[in-house]
Amino acid sequence: MGNTWEDEFAQLKQALQLVKDADIPQYPNLGKAISINPTLQLLALTWSNLCTLLKNSSKQTVPVQGQEFVVLYKFPGDGEIFFFPASKTNLLALKVLSDNLDRKQVAKEADVAVGLVDAAIEEACKQGILISPPSAIQRPDTHLPAIGANKWHSHLSSNVFTLQWHVTQACDLHCKHCYDRSEISPLTLEQGVTILDQFRDFVLDKKVRGQVTFTGGNPLLYKHFSELYKEAAKRNFSIAILGNPTSKDVIQSLQAIQPLSFYQVSLEGLEEHNDSIRGAGHFKRIMAFLKILDELSIYSMVMLTLTRENMNQVLPLGEFLREKTDLFTFNRLSQTGEGAALKTAAKEEYKGFLEQYLEAVKANPTMGLKDNLINITKTEQGDKVFGGCTGYGCGAAFNFCSILPNGDMHACRKFQSPIGNVLESSLLELYNSDIAETYRLGPEECRGCKIRPVCGGCQAVIQSSGLDITLNKDPYCFLVP
């Protein structure tokens, strides 16, 4: 004779009391593995609906016979108590951790993508069923200002790492400021999958979420793009595209594999100026494409490369794009490649431009913040700073890196910042290298600066100005010490 629901309800209440009496679990020290929450209670019941009854016994909840697994635990850190029927993915995550199973082998035996196993464990960590060590993507002490270090805590550790992957040099445009039109043979699909496997190893080691941002050239012109996109999805990566307009059918086919995190396109000013840089008809194609992204509920971004010629068009373009895109931002020109023929924004006018831009942002939710030097103006105005270019100031080789079509890894694609080749050394080895650390440290003149964790200037601008990225600060910096 089986247990009555009253018997199991009593078991559930007893388990809840054990959780309440348990010490609040703390996050493990950096470098330790994911572990099961030590307060966790897992009950195998033969009656369901008991959790609902326990939450509110006044409701007319009727227990029903049927197997149900219930998890009860205290959330790490704040100690909030949770109890609910465990999902299949919860049970999978617990099984993998408790039996120390190999994720790839589990996926193979279940005939599913390994990313599904990774996602189950990731979700269990978010819920607090499992406890993950903090991210190993940490800023070094040299990025701390001399005073007030505690307020920078959220800007010193990243939970996401972005791999900006230039899968091809092929492009259907020939922009006047293109930083690289050289011919580089693209990788084979097999080599591309190897890089994705390396990236999975990297994010698991660093305890971060992985994002692959495909770009080029035009990434959609890479002949294996849909297959590579599918392989990235199988590994539980977020996926985004920096590219050119395409058809609705192409975007829908990608969405069917995995929804995009965002799709970014570029404009260089209002229609006449933009088309003089990117080709006749480009502006109208972008406008039509933004409508497609909106129809498909895909987050859209428009990026502008700031030059001396288009600085006066940024604010009018931002107003024109109001409600036509989700986010409009700009980057300063790096005089690299064909961009060397264009003039950078006038330094003596830049401070005033940023003040005008910030004022416009207040009234236009489409306009966003990206350039690190905006934080100088915000500091001067007594406003709260934002995260800077990548959310952590200059993200070169920190929470971001670029890979070229031949596997060369750079700290940032906007300037020559070679670290190595992922076909010769693993992505993890390259990230941990002394060369990568040099880019992470940034200019010596920035160290100890009161806003260093959210700034560091732009190393691409520093280098293209003929300065030393290890020594010299951004030539546009106007911060008064």
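Visitor: Is Phe214 buried or exposed?
Guide: Phe214 is buried, with a relative accessible area of 0%. Buried means under 20% relative accessible area, exposed over 50% and partly exposed in between, using a 1.4 Å probe and protein chains only. This is a predicted model, where local features need pLDDT of at least 70, side-chain atom pairs count only at pLDDT 80 or more, and totals for chains, interfaces and linings use all residues. Residues are numbered from 1 along each chain as its sequence is written, and side-chain values use heavy atoms, leaving out hydrogens and water.

Visitor: Which aromatic pair is Phe214 in?
Guide: Phe214 pairs edge-to-face with Phe225, at 5.2 Å centre to centre and 75° between the planes. Rings of Phe, Tyr and Trp (its six-membered ring) pair if their centres lie within 6.5 Å; planes under 30 degrees apart count as stacked, over 60 as edge-to-face, the rest as tilted.

Visitor: And what about Phe225, buried or exposed?
Guide: Phe225 is buried too, at a relative accessible area of 4%.

Visitor: OK, new topic. How many aromatic pairs are there in the whole structure?
Guide: A search finds 23. In one of them, Phe199 and Phe202 have ring centres 6.2 Å apart and planes at 20°, so that pair is stacked. Both of these residues, Phe199 and Phe202, are buried.

Visitor: What sits over the ring of Tyr431?
Guide: The charged end of Arg440, 4.2 Å from the ring centre. That label needs NZ of Lys or CZ of Arg within 6 Å of the ring centre and within 35 degrees of the ring normal.
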